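Colleague: I have not worked with this structure before. Could you take me through its aromatic rings and its nonpolar cores?

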Amino acid sequence: MKIACLLDRGFEDSEFEKPYNAFKEAGHEVTIIGHEAGKEIAGSKGRVTTRTEKGIDEVRPDGFDALFIPGGSSPDHLRYNQKVNRFVAQMMEAGRPTFAICHGPQLLIAADQYKDHTMTAWYTVQDDLRKMGAKVVDEEVHVDGNLVTSRKPDDIPAFIRESMALMKEPARQRS
């Protein structure tokens, strides 16, 4: 599958690196998308640095099969960009598998894609979601249709497991 990874500075190092590597090792193509192409960005712990391959102006949702949103402060840096929010909304509305960990669901809020889904997130984001009327659970991983969410770095193994399982399902079962 072709996976769009939305990323900006301050991403949580392991929430990006471990799923990214697992997806690549499983044969998926992962494209790092940010505000602009070619920008070097560092994780919040300074352990991982990467470069955006595409800018949001260069991509269309129909060019990807799935969406990956790592946590940390990256989602907060991305959500002010309406093009990013539209991209997320279009991916979700098309029923594409979406994987959001920790603060990742902040982009689902900005894209107005939280109302009809049950999800988990980092504790403070869970509170925001509840106050907005979303269905929230406090679990290491939660799968709701095409949406896989997790809370924190400790949940990464379960997040990867369920994300990979969802990508193996035939598209007709995910719709």
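This is a predicted model: local features need pLDDT of at least 70, side-chain atom pairs count only at pLDDT 80 or more; totals for chains, interfaces and linings use all residues.

Colleague: How many aromatic pairs are found in the whole structure?

Modeller: The search finds 7 aromatic pairs. In one of them, Phe68 and Phe159, the ring centres are 6.3 Å apart and the planes meet at 40°, so this pair is tilted.

Colleague: Where do Phe68 and Phe159 lie?

Modeller: Phe68 belongs to strand E6 (residues 66-69) and Phe159 to helix H6 (residues 156-168), so the pair ties together parts that are 91 residues apart in sequence.

Colleague: Are Phe68 and Phe159 buried or exposed?

Modeller: Both Phe68 and Phe159 are buried. Ring pairs also link these two with Phe23 and Phe99 into a cluster.

Colleague: Changing topic, which residues touch the most other members of the largest nonpolar core?

Modeller: That core has 28 residues, and those touching the most other members are Leu6, Ile33, Leu67, Phe87, Val88, Leu108 and Leu129. Two or more residues each come from strand E1 (2-6), E6, helix H3 (82-93), helix H4 (105-110) and helix H5 (123-131).

Colleague: Which element gives the largest share of this core?

Modeller: Helix H3 does, with 6 residues.

Colleague: And what does Leu6 touch?

Modeller: Leaving out residues up to four places away in sequence, the contacts of Leu6 include Ile33, Leu67, Phe68, Phe87 and Val88.

Colleague: What lies apart from this core?

Modeller: Another core, of 26 residues, lies apart from it; among its members are Ile32, Ile101, Val141 and Ile160.

How values were computed
Residues are numbered from 1 along each chain as its sequence is written. Side-chain values use heavy atoms; hydrogens and water are left out. Rings of Phe, Tyr and Trp (its six-membered ring) pair if their centres lie within 6.5 Å; planes under 30 degrees apart count as stacked, over 60 as edge-to-face and the rest as tilted. Helices (H or I, at least four residues) and strands (E, at least two) are DSSP runs, numbered from the N terminus. Buried means under 20% relative accessible area, exposed over 50%, partly exposed in between (1.4 Å probe, protein chains only). A nonpolar core is a set of buried Ala, Val, Leu, Ile, Met, Phe, Trp, Tyr and Cys residues joined through side-chain atoms within 4.5 Å. Contact means heavy atoms within 4.5 Å.
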